Amino acid sequence: MSEWLTARSRGSTVRVSWHSNAALTIKEHAMKSFACGDVVPGCNARWVCSTEDEILAQVAPHATSAHGLTEISPELVSAVRSNIVTV
Ligand SMILES: [Zn+2]
């Protein structure tokens with residue numbers, strides 16, 4: 001599992017494709033989780049999605065409505081991504 005995730009985060013399509021069968025199996029079972037409190041202390045919001053992109057799609061409106069952010073900066077995206085854990 002970790003090997004595929006590492007390859008994917010590096011953007012190595014060759015290794016991902018080599019592990020395509022395993023990756024498909026993992027993708028059905030591994031979920032991504034993000035706790036907003038890891039970035040914004042005191043916030044209890046948490047999401048569990050199948051991909052990081054799905055989490056980011058839900059964190060973005062939360063960040064604007066709950067935390068008053070006016071834009072989703074690259075720094076915020078990377079902070080969210082770095083705090084996403086596989087569950
Ligand atoms: Zn929050």
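**A walk from Leu 56 through the fold**

Let's start at Leu 56: leaving aside its neighbours within four places in sequence, Leu 56 is in contact with Val 77 and Val 80. Here, two residues are in contact if their C-beta atoms, placed from the backbone, lie within 7 Å. A note before we go on: this is a predicted model, in which local features need pLDDT of at least 70, side-chain atom pairs count only at pLDDT 80 or more, and totals for chains, interfaces and linings use all residues. Residues are numbered from 1 along each chain as its sequence is written.

Now for the overall plan. The chain's secondary structure comes to five helices and three strands, and along the sequence these follow the pattern α-α-α-β-β-α-α-β. Helices (H or I, at least four residues) and strands (E, at least two) are DSSP runs, numbered from the N terminus. Of the 87 residues of the chain, 10% count as buried. A residue is buried if 20 or more other C-beta atoms lie within 10 Å of its own, exposed if 12 or fewer, and partly exposed in between, with C-beta atoms placed from the backbone.

Three strands form an open sheet in the order 2-1-3, with antiparallel pairing. Strand 2 (46-49) and strand 3 (85-86) stand at the edges with a single partner strand each, so one side of each is left without a neighbour in the sheet. Strands pair if DSSP finds at least two bridges between them. Strand 1 (residues 32-35) pairs with strand 2 over four bridges, and there Ser 33 has Val 48 as its bridge partner, while Ala 35 stands opposite Arg 46. Strand 1 and strand 3 are joined over two bridges, where Lys 32 is the bridge partner of Thr 86. Turning to its faces, strand 1 has Lys 32 and Phe 34 on the covered one, and Ser 33 and Ala 35 on the uncovered one.

What lies across strand 1 and strand 2? Helix 4 does, running at about 145 degrees to strand 2. The buried residues of helix 4 are Ile 55, Leu 56, Val 59 and Ala 63, and they pack against strand 1, strand 2 and helix 5. Ile 55 is buried, because 22 other C-beta atoms lie within 10 Å. Leaving aside neighbours within four places in sequence, Ile 55 is in contact with Lys 32, Phe 34, Trp 47, Cys 49 and Ile 84. Ile 55 and Phe 34 are 21 residues apart along the chain, yet their C-alpha atoms are separated by 7.2 Å.

The largest nonpolar core has six residues: Phe 34, Ile 55, Leu 56, Val 59, Ala 63 and Val 80. Helix 4 (residues 52-67) provides the largest share of this core, four residues. A nonpolar core is a set of buried Ala, Val, Leu, Ile, Met, Phe, Trp, Tyr and Cys residues joined through C-beta atoms within 7 Å.

Finally, look at the helix pair. The axes of helix 4 and helix 5 (residues 74-83) come within 11 Å and cross at roughly 125 degrees; axes are lines fitted to C-alpha atoms, for helices over the stretch in contact, and angles run from 0 to 180 degrees between N-to-C directions. Helix 4 and helix 5 are therefore oblique to each other, given that angles under 35 degrees count as roughly parallel, over 145 as roughly antiparallel, 65 to 115 as roughly perpendicular and the rest as oblique. The contact is made by Glu 52, Leu 56, Val 59 and Ala 63 of helix 4 and Leu 76, Val 77, Val 80 and Arg 81 of helix 5.
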